[in-house]
Amino acid sequence: MNFNPMHRHTPCADAGRARRVFAQIFALTLLVKLWLAACFPITGDEAFFYQWGVFPDWGYSDHPPMVGWLLYLLNGVSHHPLSLRFFSVLLWSLIALGLIDLIRRIDATREEEAYRLGSLFLLMPFSWALNVVTTDTPLIFFVFLSGYCFVRGTLSDKTAWFVATGVFLGLGLLSKYFAGLLAIAYFIYLCRTPRNWMRLVIIAACSLPFFAVNMVFNADHCWTNIMFNLINRNEKAHWSALTVVEYLAMMVYLITPWVSWRLVRSPQALLRHGAIAVLFVAPFALFLLLSMKKTIGLHWVLGFMPFVFLFIGMTCRADALRAYARWTAWYASPHLLLLAAIILLPATVWKGHAFYDDVVFHKDADRIVAALRTDLPKDGVVMGRAYTPASLLAYHAGEYWPVFGEGRFHSRQDDLIVDFRRYAGKTIRIFDRNKIVAAELQPYFSSVTVHSFDVGGLVFWYADGENFNYPVYRERILKTIADRYYRIPSFLPVHACPFLERYDLPRP
């Protein structure tokens, strides 16, 4: 028998090779993310949440306060996109390290699989392409930390891990209500045996103080983000088979077809690794039920995605994980090319495409701000007619630009911080991406003049309304807003409602 020691493969050597590949992918994806974060234009949602950091509070119109607190800290360094997105850049890289650590702790013989899984995870398009900072950024972080501690607790039976599980769950609930789906997963897993009931009590007791912060804020502020999440944004929800199909297709796209197929083929493994599987199966099943009545956003499911790959890392062999990583690298390439094209190519390249106006609006926002400030009267203020344009232009202007008019359920942050009484008698310049009809604004001013300007071959509009008539605005707009968005259910105890009190409006 011929024996060549150069061709002998040992588990240690294979693990070392996998570790080196992971280190290279870790460094490469981190550099790509830093570049994307620094150069990709600020999005409308980011600009909206940025203002939460400018005006820090115990809560906000749409969601609990964590992203506002995060942006307050990051904005203290710089308002440059890279600074605001810096934690988002690190987020998935840190989670990849956490996944590797968990796999090695669960099964010390799976070191090679741990690093192969880490490489696969970092190559997933969502883990390197999504560097924007939103409410999902802290949610994903705290949901993973809570799940990490939960798995460690089930491995060691140490109470301290379940205390940490509850603390991070509470911080997740201070980020976004979707963290509650993780609480449901914990309940499903732990309620089966009486010996685990105390663990449920510990998790609940450690998370409730954080959740209470948001509840107290809501009771003092018209239950604003409870109304947004449970009532106002769901008024048009209705049963649809199409939204179910869209949800399933989105999940296959996010997880990739090969990993999705592996999950479908692993029912026994789901039962064998129940403490891991419940962390994504329960939330995804609940989203499936919800998809029967409304569209599920891609970002909704991201907080539970790491647990999918933790399960894959525990059930796949190293050669399968290596193949998945190779296929995923090719799968991710078009995403990188598209993002690079948006960043590097001039906006005019996209002329004729449906999203050309969005490219111009985001890349040339500074020019739009400059045009809106030209010849603005001394007492003049600029506003937008929708929250996304108002927020994006406000970020580039370096000052808050409110929304003029009713807006939608998404634009209610103005109700918390803007006082239209102070604009009485002033000139208001109102921006819109669509043509403005002067007659629609005439009741609120003594005179209205409509103007337009060109940026990148696109026409943008604004109207100058002189001598703002606050009493008419209160009767026609603010009363309508109160009636439409502040029908607070009687079972919710309202301690205060600054919006209604500020304008002396009755509770609908």
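This is a predicted model: local features need pLDDT of at least 70, side-chain atom pairs count only at pLDDT 80 or more; totals for chains, interfaces and linings use all residues.

Residues are numbered from 1 along each chain as its sequence is written, and side-chain values use heavy atoms, with hydrogens and water left out.

**The whole chain**

Begin with a cartoon view, in which the secondary structure comes to 25 helices and four strands; these are DSSP runs numbered from the N terminus, a helix being H or I with at least four residues and a strand being E with at least two. Along the principal axes, the C-alpha atoms fill a box of roughly 100 × 55 × 45 Å. Of the 508 residues in the chain, 55% are buried. Among the contacts with a separation of 6 or more, 75% join residues 24 or more positions apart, where contact means heavy atoms within 4.5 Å.

**Two loop residues with positive phi**

Select Asp-157, which sits in the loop between helix H8 (136–156) and helix H9 (159–173). Its phi is positive, at about 65°, although Asp-157 is not a glycine. Because its relative accessible area is 45%, Asp-157 counts as partly exposed.

Then go to Asn-467, in the loop between strand S4 (458–466) and helix H24 (470–485). Here too phi is positive in a residue other than glycine, with a value near 60°, and a relative accessibility of 43% makes Asn-467 partly exposed.

Move to Thr-29 in helix H1 (residues 11–39) and display its side chain, which reaches the backbone oxygen of Ile-25 at 2.7 Å. An α-helix has 3.6 residues a turn, so residues three or four places apart point the same way. With a relative accessibility of 6%, Thr-29 counts as buried.

Next select Leu-97, found in helix H5 (residues 86–106). Leaving aside residues up to four places away in sequence, Leu-97 touches Phe-22 and Phe-26. Its relative accessibility of 39% places Leu-97 in the partly exposed class. For a distance to draw in the viewer, take the C-alpha atoms of Leu-97 and Ala-114, which are 9.5 Å apart in space and 17 residues apart in sequence.

Why is helix H21 (residues 387–397) described as largely enclosed by the rest of the structure? The reason is that nine of its 11 residues are buried, and these include Tyr-387, Pro-389, Leu-392 and Tyr-395. To see what surrounds them, colour helix H2 (44–54), helix H4 (81–84), helix H19 (356–363), helix H20 (365–373), strand S1 (381–384) and strand S2 (428–432), against which the buried residues of H21 pack. Just after H21, Gly-398 takes a positive phi of about 75°.

Not counting residues up to four places away in sequence, His-79 touches Tyr-50, Leu-84 and Tyr-395. A relative accessible area of 47% makes His-79 partly exposed.

Select helix H14 (residues 257–264), whose buried residues are Trp-258, Val-259, Ser-260, Arg-262 and Leu-263. The helices they pack against include helix H6 (111–123), helix H13 (241–255), helix H16 (274–290) and helix H18 (318–344).

Finish at Cys-206, in helix H11 (residues 197–219). Beyond residues up to four places away in sequence, Cys-206 touches Val-163, Gly-166 and Val-167.

Key
Buried means under 20% relative accessible area, exposed over 50%, partly exposed in between (1.4 Å probe, protein chains only). A polar contact is a pair of N or O atoms within 3.5 Å; within protein, one must be able to donate a hydrogen and the other to accept it, and residues adjacent in sequence count only if both atoms are side-chain atoms.
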